[in-house]
Amino acid sequence: MTESLRRDGEYEHAQENPYGNPYQGARQHASSPVNPEWPPPPAQPPAAPYAGFADDGQPGQPAQPQQKHRARRGPLALLAAVAIAAAAVGGGTAYGIQELTGGDTVAASTSTNVVPSSQKGTVSGVAKAVSPSIVEISATSNASSSTGSGVIITGDGEIITNNHVVSGASSVKVRTSDGKQYTAEVVGTDSKKDLALIKLENASGLKAASLGDSDAVGVGDQVVAIGSPEGLTGTVTSGIVSALDRDVTVSTDEGQQQQGQGQGGGQWPFEFGGQEFNGDTGSSTTTYKAIQTDASLNPGNSGGALIDMNGNIIGINSAMYSATEASASAGSVGLGFAIPVNTVKADLPDLRAGASN
């Protein structure tokens, strides 16, 4: 898969209504039938003034009295009040208000705009907004060391990564984007989905990523990948979603995983279309549906983020195509695979409960 090989010892680095009632305190007479939002009418209506000429040019015609707008203030004031409430409630109500006021319609979405509006839709905007939520993971076992990536999902240090990044590890170290070093423990693993949850020790105030909706992803959508290929922390690449629901088969055997981490430049072996890539997957395997992308993925990207242009995580990068050892050393050929984020969200309760399968 896409975590890079490191030998033992190479790891050198261990984050009451605020508006108030505008009419509160105003006293109205108990018998007054006047709406408190409107000013009381004058005791006697003023006589209509005479103008020199009327609109038709005839002299001596009384000027038309100014139209009274008080009758329209009630509905407008009500609409303004509802608009304020909509801002507090959220997108669904805001959509209704926009329709009532004649504005452009907007599509309902469960995603969050993580990227500032001034940089929306740009790779640089996504990178700046999401990079603080992506970490480098160094896992050490008795056999070898390997480097992968992970995504922070809580401020106190819960991180999602691939199972094959941390499987069998006796020590897990994490480096955040600001260079801080943490020790982590493995909380839960799921080899059938190639997912793992780890937790940093003594961490707080970290920036959690926004998990999006992978069911809303379409072929051709622009995406950004962030990870630590070959230990190059915070590397950003971009591309599109090339295909959906690709059947990717990976090993569930721990021994085979460790063997895979030690071969092919640290890439994770997997099967696709009846062929094996990056090594032998062994006899014990599992298959999951993956998002295919042409965003460049290299050894070490495993467990990192595939992100939409609003800054939401839509997948966890897990595998890269490499037909031969020679092409593996040459790097990405634009065929990468990511576990859909909806699979991750469905698996989180079991991972948090300490699953080990």
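Trainee: How many bridges join β10 to β13?
Mentor: Strands are DSSP runs of E with at least two residues, helices are DSSP runs of H or I with at least four residues, and both are numbered from the N terminus. Two strands pair if DSSP finds at least two bridges between them. Strands β10 and β13 run antiparallel, and the number of bridges that join them is 8.

Trainee: What pLDDT do local features need in this predicted model?
Mentor: Residues are numbered from 1 along each chain as its sequence is written, and side-chain values use heavy atoms, with hydrogens and water left out. Because this is a predicted model, totals for chains, interfaces and linings use all residues, side-chain atom pairs count only at pLDDT 80 or more, and local features need a pLDDT of at least 70.

Trainee: Which residue in β13 is the bridge partner of Asp-247?
Mentor: Strand β10 covers residues 235-251, and strand β13 covers residues 285-293. The bridge partner of Asp-247 in β13 is Lys-289.

Trainee: What phi does Asp-245 have?
Mentor: Most residues other than glycine have a negative phi. Asp-245 lies in strand β10 and is exposed, with a relative accessible area of 55%; exposed means over 50%, buried under 20%, and partly exposed in between, with a 1.4 Å probe and protein chains only. Although Asp-245 is not a glycine, its phi is positive, at about 55 degrees.

Trainee: Where is Glu-230 found?
Mentor: Glu-230 is another residue other than glycine with a positive phi, near 55 degrees. Strand β9 covers residues 222-227, and Glu-230 is found in the loop between β9 and β10.

Trainee: How many residues of β16 are buried?
Mentor: Strand β16 covers residues 336-340. It is joined antiparallel to β13 by 3 bridges, with Gly-336 as the partner of Thr-293. It is also joined antiparallel to β15 by 5 bridges, with Ala-338 as the partner of Asn-317. Strand β16 is mostly covered, and its buried residues number 5 of 5.

Trainee: Which residue makes a polar contact with the side chain of Ser-318?
Mentor: Ser-318 is found in strand β15, which covers residues 312-320, and at 0% relative accessibility this residue counts as buried. A polar contact is a pair of N or O atoms within 3.5 Å; within protein, one must be able to donate a hydrogen and the other to accept it, and residues adjacent in sequence count only if both atoms are side-chain atoms. At 2.8 Å, the side chain of Ser-318 makes such a contact with the side chain of Tyr-288.

Trainee: How far does helix α7 reach from its first C-alpha to its last?
Mentor: The expected span of a helix is 1.5 Å times one less than its number of residues. Helix α7 has 12 residues, 341-352, and its reach is close to the expected value; it spans 16 Å.

Trainee: Within what arc do the buried residues of α7 fall?
Mentor: An α-helix has 3.6 residues a turn, so residues three or four places apart point the same way. The buried residues of α7 are Val-341, Val-344, Asp-347, Leu-348 and Leu-351. The arc is that of the directions from the helix axis to the C-beta atoms. These buried residues line one face of the helix, because they fall within an arc of 145 degrees.

Trainee: What separates the C-alpha atoms of Gly-150 and Ala-196?
Mentor: Gly-150 has its place in strand β3, residues 145-152, and counts as buried at 0% relative accessibility. Leaving aside residues up to four places away in sequence, Gly-150 touches residues including Ser-133, Ile-160 and Gly-303. Ala-196 is 46 residues from Gly-150 along the chain, and the C-alpha separation is 9.6 Å.

Trainee: What percentage of the residues in the protein chain is buried?
Mentor: The protein chain has 7 helices and 16 strands. Of its 357 residues, the buried share is 41%.

Note on methods. Contact = heavy atoms within 4.5 Å.
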